[in-house]
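Hello,

Please find the structure below, handed over for you to look at. My notes on it follow.

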Amino acid sequence: MQIGEVAERTGLSLRTIRYYEEVGLVVPSDRSQGGFRLYTEPDVDRLKLIMRMKPLGFQLEEMRELLAIIDPTPTSPKIDDPAGRLAAFSESAEQRCVELRTKLRIAEEFAATLRAHLGTERPATG
């Protein structure tokens, strides 16, 4: 599939997909005769994996290392103690989820406060 279809299926912009290619996180499986990027289902799955890392604040180098452990390619870097690194990443992801849940709870409380104020506001009189 071409990059436009990948963008539609993942919700990523063309620019983001190209950026991930530029930094080596995902590489199109092939190119058409006209030079268009061609992606396979595993490429889309890899992009979805990257998308799951992003909200947890993983940096590019961390993403590269995680992908080398979880979804290695022939060009992936060799990771010393992959099981240990994966355990550390897992712990970090769990902690980041806790932090995100806390932020979400605070945001939901604020939204509820705003809703409450909307229910008690009186129309302005002229």
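Threonine 113 is partly exposed, with a relative accessible area of 39%; in this predicted model that residue sits in helix H5.

Alanine 7 belongs to helix H1. Its relative accessible area is 13%, so it counts as buried, the cut-off being under 20%. Apart from neighbours within four places in sequence, alanine 7 is in contact with Leu12, Leu14 and Ile17.

Back in H5, phenylalanine 89 has a relative accessible area of 5% and is therefore buried. Not counting residues up to four places away in sequence, phenylalanine 89 touches Phe58, Glu62, Glu65 and Leu66. Between the C-alpha atoms of phenylalanine 89 and arginine 52, which are 37 residues apart along the chain, the separation is 13 Å.

The loop between H4 and H5 holds aspartate 81. This residue is exposed, with a relative accessible area of 53%. Its phi is near 50 degrees, which is a positive value in a residue other than glycine.

Next, the core. The largest nonpolar core has 22 residues, and the members that touch the most others are Ile17, Tyr20, Leu25, Leu47, Ile50, Met53 and Phe58. Two or more residues come from each of helix H1 (3-10), helix H2 (14-22), helix H3 (41-53), helix H4 (60-70) and helix H5 (82-120). H3 contributes the most, with five residues. Isoleucine 50, leaving aside its neighbours within four places in sequence, is in contact with Tyr20, Leu25, Val26, Met63 and Leu67.

Then the helix packing, where H1 has two partners to report.

How do H1 and H2 pack, and at what angle? Their axes are 9 Å apart, and the angle is about 105 degrees. H1 is therefore roughly perpendicular to H2, since angles of 65 to 115 degrees fall in that class. On the H1 side the residues involved are Ile3, Gly4, Val6, Ala7 and Thr10, and they meet Leu14, Ile17 and Arg18 in H2. By type, the residues of the contact of H1 with H2 are five nonpolar, two polar and one charged.

H1 and H3 cross at roughly 45 degrees, and their axes come within 11 Å. That angle makes H1 oblique to H3. The crossing of H1 past H3 is right-handed. Val6, Arg9 and Thr10 of H1 make the contact with Glu41, Val44, Leu47, Lys48 and Met51 of H3. Sorted by type, the residues in the contact of H1 with H3 are four nonpolar, one polar and three charged.

Read together, the two lists show Val6 and Thr10 of H1 in the contact with H2 and also in the contact with H3. Ile17, among the core members that touch the most others, is one of the H2 residues that H1 meets. Leu47, also among those core members, is one of the H3 residues in the contact with H1.

Regards

Methods:
Residues numbered from 1 in each chain as written. Predicted model: local features only at pLDDT ≥ 70, side-chain atom pairs only at ≥ 80, totals over all residues. Heavy atoms only, no water. Core = buried A, V, L, I, M, F, W, Y, C linked by side-chain atoms within 4.5 Å. Buried < 20%, exposed > 50% of the residue type's maximum accessible area, 1.4 Å probe, protein only. Helix = DSSP H or I, 4+ residues; strand = E, 2+ residues; numbered from the N terminus. Contact = heavy atoms within 4.5 Å. Axes fitted to C-alpha atoms, helices over the stretch in contact; angles between N-to-C directions. Parallel < 35°, antiparallel > 145°, perpendicular 65-115°, else oblique. Nonpolar A, V, L, I, M, F, W, Y, C, P; charged D, E, K, R; others polar. Left-handed = near helix turned anticlockwise from the far one by under 90°.
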